[in-house]
Amino acid sequence: MFGREKKSSSPDSSSGKEPPYPNNYYDPDIGRGPASDNDDDLRLRFSPSRERRLLAKIDLHVIPVLSVLYLLAFLDRTNIANASIFGLQDELRLQGSQYNTALTIFFVPYILFEIPSNVLLKKLKPHGLVQNYSGLLATRFFLGLTETGMFPGSFYLIGMWYRRSEAQKRYSFFFGSTSLAGAFGGLLASAIGNMEGLRGYRGWRWIFLLEGLLTCVVAFAFFFVIPDFPENAKWLTEEERRYVQIRLLKDQGRSAAERPISFRDVVKVFKDYKIFVGGFMYFGLIVPAYSYAFFAPGIIQTYGYNRIQTQLYSVPPWAASFTFAMVVAYFSDKFKHRFAFAIMPICVAIAGFAILIVVHDNHHLQYGALCMVTMGVYSAMPVVVCWFNMNLGGHHRRAVGTAWQIGFGNIGGIIATYAFQPKDKADFYRPGYAICISFICLSAGSCLVYAASLLMQNRQREKAPRSLLTEFEKTELGDMNPEYRYLL
């Protein structure tokens with residue numbers, strides 16, 4: 001993998017013992033020179049057109065598989081909102097905040113197991129009937145448990161394939177599967193809802209049955225095609241694998257992919273205050289994101305639509321958010337900049353919620369404001385995650401940091417499940433909208449702090465004398481290496 005060299009003076013090699021790190025590329029005795037004398041020749045053999053073909057090959061193997069899996073995962077966790085329109089609360093006799101509690105229970109295991117799941121992903125490679133309220137809670141709990149590693153693991157995996165300046169389009173496309181899931185879910189629910197009463201089942205049961213079955217079938221098939229890390233990808237030639245590793249080495253430094261993550265590594269990651277700032281950037285966006293995902297059908301229904309119309313009208317905002325997210329991602333990669341392209345969508349979302357707070361008699365304007373909310377929130381989220389994730393150097397810091405950001409951020413999902421209460425319907429859900437604006441502002445402030453921190457550290461490192469660290473020490477430090485430069 002990165003920096004594979006012959007070892008002539010390593011104590012382990014001279015004694016005949018097995019080296020502590022397989023494949024030698026992460027040897028503490030690694031030299032200061034280039035990883036291989038042939039690396040420069042390999043770079044010359046990969047012309048820009050050949051590199052583009054290689055990137056297209058990687059895109060085809062990595063992004064669609066992960067996007068489809070996450071589309072189905074997000075569909076399964078949010079289709080309860082569609083099911084609610086088709087009688088779930090009535091048949092299960094849910095009262096008061098019991099529906100909100102059913103939404104909340106999903107996040108308990110989902111949050112608790114984020115970091116362990118990413119640590120296990122590195123070790124294991126990327127290849128987890130309701131009659132009453134209690135049954136609903138149990139189902140939601142186990143759904144959260146089985147989905148816990150899907151999202152952070154996918155972001156982590158994508159981050160190990162692409163350079164920082166080209167990652168945003170891929171991240172946004174993958175994250176856009178949430179928007180597509182929302183649109184797809186609305187269309188499916190409008191069709192499945194017509195099965196009301198078939199074989200004695202209410203429409204909401206058919207939604208869960210058919211969409212859950214689809215996930216099971218696809219997940220089984222995709223088990224055999226889900227991508228590995230670059231160093232293990234069998235669909236690349238040896239030369240292509242080496243070139244992918246070289247280009248990432250130049251952009252991000254050595255990854256230490258073969259070294260296991262220890263508890264000490266986890267503790268060291270949390271000594272960097274930027275890790276906590278990154279968590280708050282995502283946390284602030286999760287509240288409005290899940291608030292919309294869980295309650296939008298109910299809000300749209302208050303505009304006077306029947307059940308089928310409500311499902312159909314839930315589709316355009318999701319479609320708009322996917323389109324806007326890809327536009328934002330394109331220009332973010334083009335200008336190799338993240339901060340401005342995180343703040344701009346956040347401002348769009350704030351404007352949308354502001355309209356919803358003050359306008360209550362113009363359903364067309366309110367519906368347009370919902371589109372602004374989805375466009376803003378679901379475009380800013382992939383930028384924030386990509387920005388933070390791709391600035392973390394090395395497998396160990398990226399695995400722990402990404403899982404932390406997603407795990408801590410999803411605490412906002414618990415808040416979101418209680419943001420819109422049935423009693424607030426008479427007040428046009430203004431308390432819920434106000435909560436969402438507050439947390440979006442928290443995210444914007446955190447983005448500002450994070451950007452200022454990166455700018456300050458880059459300037460300090462530019463002025464500092466050249467470091468005398470060994471390659472091993474640089475690899476251990478990851479992005480804390482004084483020669484590392486953060487992307488703003």
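Visitor: Which residues have the most contacts inside the largest nonpolar core?

Guide: They are L88, F151, W161, Y162, Y378 and M381, in a core of 131 residues. A nonpolar core is a set of buried Ala, Val, Leu, Ile, Met, Phe, Trp, Tyr and Cys residues joined through side-chain atoms within 4.5 Å. Helix α3 (residues 48–85) gives the largest share of this core, 18 residues. Helices here are DSSP runs of H or I with at least four residues, strands are runs of E with at least two, and both are numbered from the N terminus.

Guide: Two notes on the source. This is a predicted model, where local features need pLDDT of at least 70 and side-chain atom pairs count only at pLDDT 80 or more, while totals for chains, interfaces and linings use all residues. Residues are numbered from 1 along each chain as its sequence is written, and side-chain values use heavy atoms, leaving out hydrogens and water.

Visitor: What does F151 touch?

Guide: Leaving aside residues up to four places away in sequence, F151 touches Y70, Y110, F174, F175, Y282 and I406. Contact means heavy atoms within 4.5 Å.

Visitor: What makes D479 and R397 a salt bridge?

Guide: A salt bridge needs a side-chain nitrogen of Lys or Arg within 4 Å of a carboxyl oxygen of Asp or Glu. The closest N and O atoms of D479 and R397 are 2.5 Å apart, so the pair qualifies. This pair links distant parts of the chain: D479 lies in the segment after α22 (471–477), R397 in helix α19 (residues 395–409), 82 residues apart.

Visitor: Why is D479 called buried?

Guide: Buried means under 20% relative accessible area, exposed means over 50%, and partly exposed is in between (1.4 Å probe, protein chains only). D479 has 0%, so D479 is buried. R397, at 4%, is buried too.

Visitor: How do you know whether R170 and D59 are buried or partly exposed?

Guide: R170 has 12% relative accessibility, so R170 counts as buried. D59 has 21%, so D59 counts as partly exposed. These two form a salt bridge, with their closest N and O atoms 3.0 Å apart.

Visitor: How many salt bridges are there in the whole structure?

Guide: The search finds 17.

Visitor: Where is V108, and why is V108 called partly exposed?

Guide: V108 sits in helix α6. Its relative accessible area is 35%, so V108 is partly exposed.
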